[in-house]
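Open the model in your viewer and keep the selection tool at hand.

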Amino acid sequence: MNWTTAAPAVTTAFLSSLVEGVEALTIVFAVASVRGWRPAALGTLAGLALLLLIVVTLRPLLNRVPLHALQLIIGVLLLLFGMRWLRKAILRAAGVIALHDEGIAFATETEELRDQARQHEAQLNWLAGLASFKAVVLEGLEVVFIVIAVGAGRGLVGAASLGALAACLVVATFGFALHRPLERVPENTLKFAVGVMLSAFGVFWTGEGLGVLWPGEDLAIVAIAALFLLVALAAVALTRRRAGAFP
Amino acid sequence: MNVLVAASQTLVGLFVDDGSLAIAILMIVLVSGIFSILMPDMPLVAGAMLLIGCLAVLFANVMKAAQD
């Protein structure tokens with residue numbers, strides 16, 4: 001395995017999984033605090049099993065798609081996905097939209113579950129498990145997509161999966177050691193970095209799918225990412241300055 | 001049925017948040033793709049169009065969102 005090629009893919013998978021892992025863990029903690037660890041753990045395990053099934057089903061299908069078509073499809077999806085992340089991260093960094101707060105997410109989810117407890121006491125274990133399951137599947141789907149997207153074009157799905165797995169272990173270890181949601185993780189900075197990397201991968205793979213031979217081959221991803229970072233930082237600075245000029 | 005609709009909405013939501021950004025990205029890809037087919041000897045120009053187009057679209061979209 002060539003590390004010049006693998007490092008951006010593994011790093012992107014690791015950082016994005018860190019963000020998604022923190023968000024999923026917040027919901028799982030909320031479920032556990034209202035209804036105990038049994039439904040939270042069962043929902044989490046069921047969610048992980050479904051994600052594993054999706055990966056196992058998708059992987060052989062990917063091998064059947066011609067490489068250029070695969071690069072183009074994944075490239076376009078990455079552009080849509082990555083630039084959506086980056087846009088939101090820029091707007092949050094500039095103060096246009098509110099930052100995502102794990103403390104508020106935890107309180108909201110806990111309150112919703114307590115509300116359901118008052119209305120459907122008999123079904124609460126089931127509803128709590130479902131909330132945990134939904135959080136793991138929704139956040140996990142994004143991780144699965146990112147792992148496949150950054151890894152498939154160069155046969156790095158295995159390496160990217162290891163990056164994602166390492167991030168999940170880090171989140172779980174810190175979460176269970178602290179026994180509360182991880183509020184201090186600089187989530188928007190991570191989202192900003194991941195948005196930049198995913199957008200760069202998107203341009204790179206779409207270009208390859210269109211027959212572009214990028215100068216420097218895989219190293220071009222780093223140069224493209226640097227350009228995205230530059231434009232994103234400029235957008236943050238300009239938006240902040242405008243907000244200062246017209247408060 | 002409701003579950004399927006909710007699942008597909010969630011799936012689309014992964015890729016499309018601001019519709020105008022998604023459409024602009026697809027237009028850039030389309031134009032770069034047409035250029036690469038019409039001018040197969042200049043693939044790097046298609047790559048540059050793609051890269052610069054995406055950067056410009058992102059910048060313009062953020063500026064517009066901040067103004068609104």
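Helices (H or I, at least four residues) and strands (E, at least two) are DSSP runs, numbered from the N terminus. The model is predicted, so local features need pLDDT of at least 70 and side-chain atom pairs count only at pLDDT 80 or more, while totals for chains, interfaces and linings use all residues. Residues are numbered from 1 along each chain as its sequence is written, and chains are lettered from A and ligands numbered from 1 in the order in which they are written.

**Chain A, whole**

Select chain A. There are eight helices and zero strands in it. Its radius of gyration (taken over C-alpha atoms) is 20 Å, close to the 18 Å that the globule rule gives for 247 residues, so chain A is as compact as a globular protein of that length. The globule rule is 2.2 Å times the number of residues to the power 0.38. The C-alpha trace of chain A spans about 60 × 55 × 30 Å along its principal axes.

Colour chain A by burial: 47% of its 247 residues count as buried. A residue is buried if 20 or more other C-beta atoms lie within 10 Å of its own, exposed if 12 or fewer, and partly exposed in between, with C-beta atoms placed from the backbone. Contacts mean C-beta atoms, placed from the backbone, within 7 Å. Among contacts in chain A between residues at least 6 apart in sequence, 85% join residues at least 24 apart.

**H3 and H7 of chain A**

Select residues 67-93 (H3) and 187-209 (H7) of chain A; the axes of these helices come within 6 Å and cross at roughly 150 degrees. Axes are lines fitted to C-alpha atoms, for helices over the stretch in contact, and angles run from 0 to 180 degrees between N-to-C directions. H3(A) and H7(A) are therefore roughly antiparallel; angles under 35 degrees count as roughly parallel, over 145 as roughly antiparallel, 65 to 115 as roughly perpendicular and the rest as oblique.

Move on to Glu217(A), in the loop between H7 and helix H8 (220-245) of chain A. Phi of Glu217(A) is near 50 degrees, a positive value in a residue other than glycine. Most residues other than glycine have a negative phi. Is Glu217(A) buried or exposed? Glu217(A) counts as exposed because it has 12 C-beta neighbours inside 10 Å.

**Chain B against chain A**

Show both chains. The contact takes 33 residues from chain A and 28 from chain B. On the chain B side, helix H1 (2-15), helix H2 (19-38) and helix H3 (43-67) each supply at least two residues. Which helix gives the largest share of that side? H3(B) does, with 15 residues.

Now select H7(A) with H3(B), whose axes come within 10 Å and cross at roughly 155 degrees. Display Ser199(A), Val203(A), Thr206(A) and Gly207(A) in H7(A), which meet Gly47(B), Leu50(B), Leu51(B) and Cys54(B) in H3(B).

**H2 and H3 of chain B**

Finally, hide chain A. The axes of H2(B) and H3(B) come within 9 Å and cross at roughly 165 degrees, which makes H2(B) roughly antiparallel to H3(B). Residues to display in H2(B) include Leu21(B), Ile25(B), Ile28(B) and Phe35(B). Among those in H3(B) that H2(B) meets are Met49(B), Leu50(B), Gly53(B) and Val57(B).

Terms used
Two residues are in contact if their C-beta atoms, placed from the backbone, lie within 7 Å.
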